[in-house]
Amino acid sequence: MRLKLATLALGAVMAAAPAMAEITMSALSYRTGPYAANGIPFADGYQDYFTLLNERDGGIGGEMINLVECETGYNTEKGVECYEATKGEGVLVYQPLSTGITYQLIPKATADGIPMHTMGYGRTSAKNGAVFPYIFNYPANYWDGASIAITHIANEEGGDLTGKKIALVYHNSAYGKEPIRTLESLAEKHGYELSLLPVDHPGQEQKSQWLQIRREKPDYVIMWGWGVMNQVAVQEAVNIRYPMDHFIGIWWSGSENDVLPAGDGANGYKALTFHNLGDDYPIYADLKTHVVDTGKAAGAGDQLGTALYNRGMYAAMLAAEAIKTAQEMSGESAITPAQMRDGMENLEITEAKMAALGLPGFGPEFKVSCENHGGDGYGAVAQWDAAAGEWSLITDYYQSDQEILAPLIEEDSAAYAAEAGVEPACN
């Protein structure tokens with residue numbers, strides 16, 4: 001039995017699982033459109049990890065993995081179409097890689113009883129599993145990212161942000177707006193002045209925002225961008241000679257694609273991350289032997305070791321570990337979406353487990369529960385070295401400000417429960 005994967009044209013869907021495949025996974029990917037440069041490496045990493053498990057291990061728990069890929073173009077309508085066309089195939093979990101698609105699918109997936117993993121994106125308050133029983137966003141969410149960015153800036157400033165100016169340059173969408181409430185609450189706590197600079201889709205036009213930054217001279221700029229917006233922003237920052245080590249992107253603004261076009265000017269730019277970087281991990285030897293050298297690598301096979309390839313691989317690894325947990329809990333190898341949900345809610349990632357998978361020190365340890373579908377909110381800061389052409393972690397993983405975030409999550413999830421008629425419960 002071998003991996004069956006189909007890359008689909010926009011709007012088209014193929015969900016024909018091989019007759020012997022027992023575990024069906026989905027990949028709502030985008031290899032086309034203005035966000036393709038970032039969508040491709042994530043999709044390749046996600047696919048290659050499952051290919052490795054099929055080729056090296058014979059799947060998971062004796063069950064081969066059938067990955068059904070559907071092209072969304074990062075378009076919310078297309079993403080919903082992909083979901084509707086594939087959900088009947090027994091897909092265990094959806095990972096939309098889009099906050100807009102996530103918001104549309106939350107009520108649908110919940111009603112259908114199919115879990116959804118929105119790792120580091122989507123609706124932050126879905127962390128409250130009592131209200132969102134089928135939605136998971138571990139190991140970190142946008143509000144964690146906003147808090148970690150402010151903590152890093154505070155550390156750089158000796159712990160005092162009083163009177164400092166911080167600007168947020170953000171994608172003018174549900175995704176880009178997610179951190180605003182958190183940054184406003186943190187501004188009240190730390191005494192900094194926050195300015196908001198929206199950038200319309202896809203982000204190629206942001207000259208006026210950077211002219212404003214040049215006039216107002218914020219002490220730090222935080223960015224919530226994606227796709228072409230990121231590389232344009234980095235280049236604009238270079239053009240106005242903004243100090244790159246005071247410019248910090250969320251984890252979706254921290255790939256090689258975002259900094260390479262600006263050349264040496266991007267040196268020192270920072271980005272958040274919730275996993276480690278590079279290819280110095282034992283798993284890469286297995287990927288070479290079982291995936292690359294056998295000609296089974298996804299796409300052009302040229303993304304291994306990049307930041308977003310690692311993230312896609314990490315997402316697949318977390319899904320695979322949840323499948324193993326569900327198989328152990330149920331005593332069955334061919335699990336259902338409902339059993340997958342239970343596996344995700346009881347997932348525990350430890351350093352020993354990551355090391356055994358060939359990914360020692362790759363991410364923070366965390367444990368999922370009904371009350372906490374989002375992990376513990378740990379993240380780190382990476383910095384771009386233009387001469388070396390690589391990202392490196394420059395901090396340890398540290399936790400977001402739970403004193404600020406916990407009440408916000410409780411408030412937002414309670415509002416959703418009231419609006420959707422959900423009775424919160426953890427049984």
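How many positive and negative side chains does the protein have, and how far apart do the centres of the two sets lie? I found 27 positive and 55 negative side chains, with the two centres 5 Å apart; Lys and Arg count as positive and Asp and Glu as negative, without His or the chain ends, and each charge is placed at NZ of Lys, CZ of Arg, CG of Asp or CD of Glu.

I note that this is a predicted model, in which local features need pLDDT of at least 70 and side-chain atom pairs pLDDT 80 or more, while totals for chains, interfaces and linings use all residues. Residues are numbered from 1 along each chain as its sequence is written, and side-chain values use heavy atoms, leaving out hydrogens and water.

Overall form. I listed 14 helices and 15 strands, which are DSSP runs (H or I, at least four residues; E, at least two) numbered from the N terminus. Buried residues, those under 20% relative accessible area with a 1.4 Å probe and protein chains only, make up 58% of the 427 residues.

Cis peptide bonds. I looked up the bond from Y138 to P139, which is cis with omega near 5°, and P139 sits in the loop between strand 5 (135-136) and helix 4 (142-156). The bond from H201 to P202 is also cis, with omega near -5°, and P202 belongs to the loop between strand 7 (193-199) and helix 7 (207-216).

Positive phi. Y74, not a glycine, has a phi of about 60° and is buried at 16% relative accessible area. K217, also not a glycine, has a phi of about 50°, and its 60% relative accessibility counts as exposed, the cut-off being over 50%.
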